[in-house]
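Keep the structure open while reading.

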Amino acid sequence: MDEEYDVIVLGTGLKECILSGLLSVDGLKVLHMDRNDYYGGESASLNLVQLWKRFRGDEKPPAHLGSSRDYNVDMVPKFMMANGNLVRVLIHTDVTKYLYFKAVDGSFVYNKGKVHKVPATDMEALKSPLMGIFEKRRARKFFIYVQDYAENDPKTHEGMDLTRVTTRELIAKYGLDDNTVDFIGHALALHRDDRYLNEPALDTVKRMKLYSESLARFQGGSPYIYPLYGLGELPQAFARLSAVYGGTYMLNKPECKVEFDEEGKVVGVTSEGETAKCKKVVCDPSYLPNKARKVGRVARAIAIMSHPIPNTNESHSVQVILPQKQLGRRSDMYLFCCSYSHNVAPKGKFIAFVSSEAETDHPEVELKAGIELLGPVDEIFFDIYDRYEPVNEPSLDNCFISTSYDATTHFESTVTDVLNMYTMITGKVLDLSVDLSAASAAEE
């Protein structure tokens, strides 16, 4: 390999594939390698045979579950906010032409042992059984404040500077009780724990606005969308984009050893005795483990079922958030379900995931509260994996390492990581102020 590349990307996880696509579109010469023989890395979608091989070794899946290839089981299950940054990246790059999306049926929250639909507007707040009659009025006032809030129009701020006022102080102004605060913070603003209460309120207000704008795009039961045939479609779509703009792909490349010069700057990648030269390397933490540190673990259960999750209005695709306080935990738990309506399982079958930041070594005990909401399951698998984040200084070694996927079931944190890496690599900020109405063509 005598050629020199601007960037070599290692691993075909979603983050790496998005970056590969964006950098190729920018005119950089990109080589993309993976030690696996399939796309998706940690964020791949597996068929039934692959799923069994991963969790049960040599056992064969039972025949009653149907054909292996009718299954696309995500290893990092996440929905997309309909108005969120991942959708904006898809539209910005025109990758939507390779994908089909469908809205997710429902968004629910767990409160006092029961599952409730998440009220997202002032009208829904008035109907919700989550609150008493007086609390509903207070919540409605707060929702109206958030809906009307415009960052560059001080008339909508009611005299508060949300870059200074904490979320706790803003909520106190409306006198909302702890239960209401719980679902606003975790099921609407999608915070992962309660630290946000002591941080500036602007972030929470923006997150709530994103939720309601995403909900409005489809007039559906949730703010989320999800690709037909599972998330494994996303890395492949960005790989196609990269290839269209001249990116080169090599799967099944063992080792992929990153080479450095005497100053510690990256100079290339060696595989099977050949070295490809490059100026920069982008990779997931598994390719440069000595430049990353463990920051936590994710516990996950994967269940195959023959029915929707009970108490979710028979939703074929749904997210249920279990706020930390309701469970006496340090972080939230997430329930994610999709089914044959998104072509990820044969007719009549549902795939549910329960995930959380791991606080013990026993996922089957730790995830019990979420698993109990599933009802009877045909099969269940447990998984626990480490999360890493980079500790290197990219300006010194030219290595750009992504952060491992967290337990959340939506992509906002994933895309933030990608956009930050893009800016570090190119020195530019990706302009995502796209007209989202143009995107509707790609949706069913």
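The model is predicted, and local features need pLDDT of at least 70, side-chain atom pairs count only at pLDDT 80 or more, while totals for chains, interfaces and linings use all residues. Residues are numbered from 1 along each chain as its sequence is written, and side-chain values use heavy atoms, with hydrogens and water left out. Helices (H or I, at least four residues) and strands (E, at least two) are DSSP runs, numbered from the N terminus.

Begin with the sheet of seven strands. This open sheet has the order β8-β7-β15-β16-β17-β14-β18, and its pairing is mixed; two strands count as paired if DSSP finds at least two bridges between them. Which strands stand at the edges? They are β8 (114–117) and β18, each with a single partner strand, so one side of each is left without a neighbour in the sheet. From one strand to the next, the twist averages 25°. Strand β14 (residues 292–305) runs antiparallel to β18, and 12 bridges join the two. Within this pair, Ile302 has Phe381 in β18 as its bridge partner.

Helix α2 lies across β14 and β18, at about 75° to β18. Axes here are lines fitted to C-alpha atoms, for helices over the stretch in contact, and angles run from 0 to 180 degrees between N-to-C directions. The side chains of Arg56 and Glu379 meet in it, at 3.0 Å from N to O. Arg56 belongs to helix α2 (residues 48–56) and Glu379 to strand β18 (residues 379–390), so the pair links parts of the chain 323 residues apart.The whole structure holds 27 salt bridges, each defined as a side-chain nitrogen of Lys or Arg within 4 Å of a carboxyl oxygen of Asp or Glu.

A further open sheet has three strands in the order β5-β9-β6, with antiparallel pairing. Its edge strands, β5 (80–81) and β6 (101–103), each pair on one side only. Three bridges join β6 to strand β9 (residues 224–227) in the antiparallel sense. Lys102 has Tyr226 of β9 as its bridge partner.

Turn now to the helix pairs. Two packed helices are described by the angle between their axes and the distance between the axes. Helix α1 (residues 14–25) packs with helix α9 (residues 233–244) at an angle of about 20°, their axes 8 Å apart. That makes α1 roughly parallel to α9; angles under 35 degrees count as roughly parallel, over 145 as roughly antiparallel, 65 to 115 as roughly perpendicular and the rest as oblique. The crossing of α1 and α9 is left-handed, a term for a near helix turned anticlockwise from the far one by less than a right angle, with clockwise giving right-handed. On the α1 side, Leu14, Cys17, Ile18, Ser20, Gly21, Ser24 and Val25 meet Leu234, Pro235, Phe238, Leu241 and Ser242 of α9, where contact means heavy atoms within 4.5 Å. By class, the residues of this contact are eight nonpolar, four polar and no charged. Ala, Val, Leu, Ile, Met, Phe, Trp, Tyr, Cys and Pro count as nonpolar, Asp, Glu, Lys and Arg as charged, and the others, Gly among them, as polar.

The axes of helix α5 (residues 133–148) and helix α7 (residues 178–188) come within 11 Å and cross at roughly 40°. α5 and α7 are therefore oblique to each other, and their crossing is right-handed. Glu135, Ala139, Phe142 and Phe143 of α5 make the contact with Thr180, Phe183, Ile184 and Leu188 of α7. The contact of α5 with α7 has six nonpolar residues, one polar and one charged.
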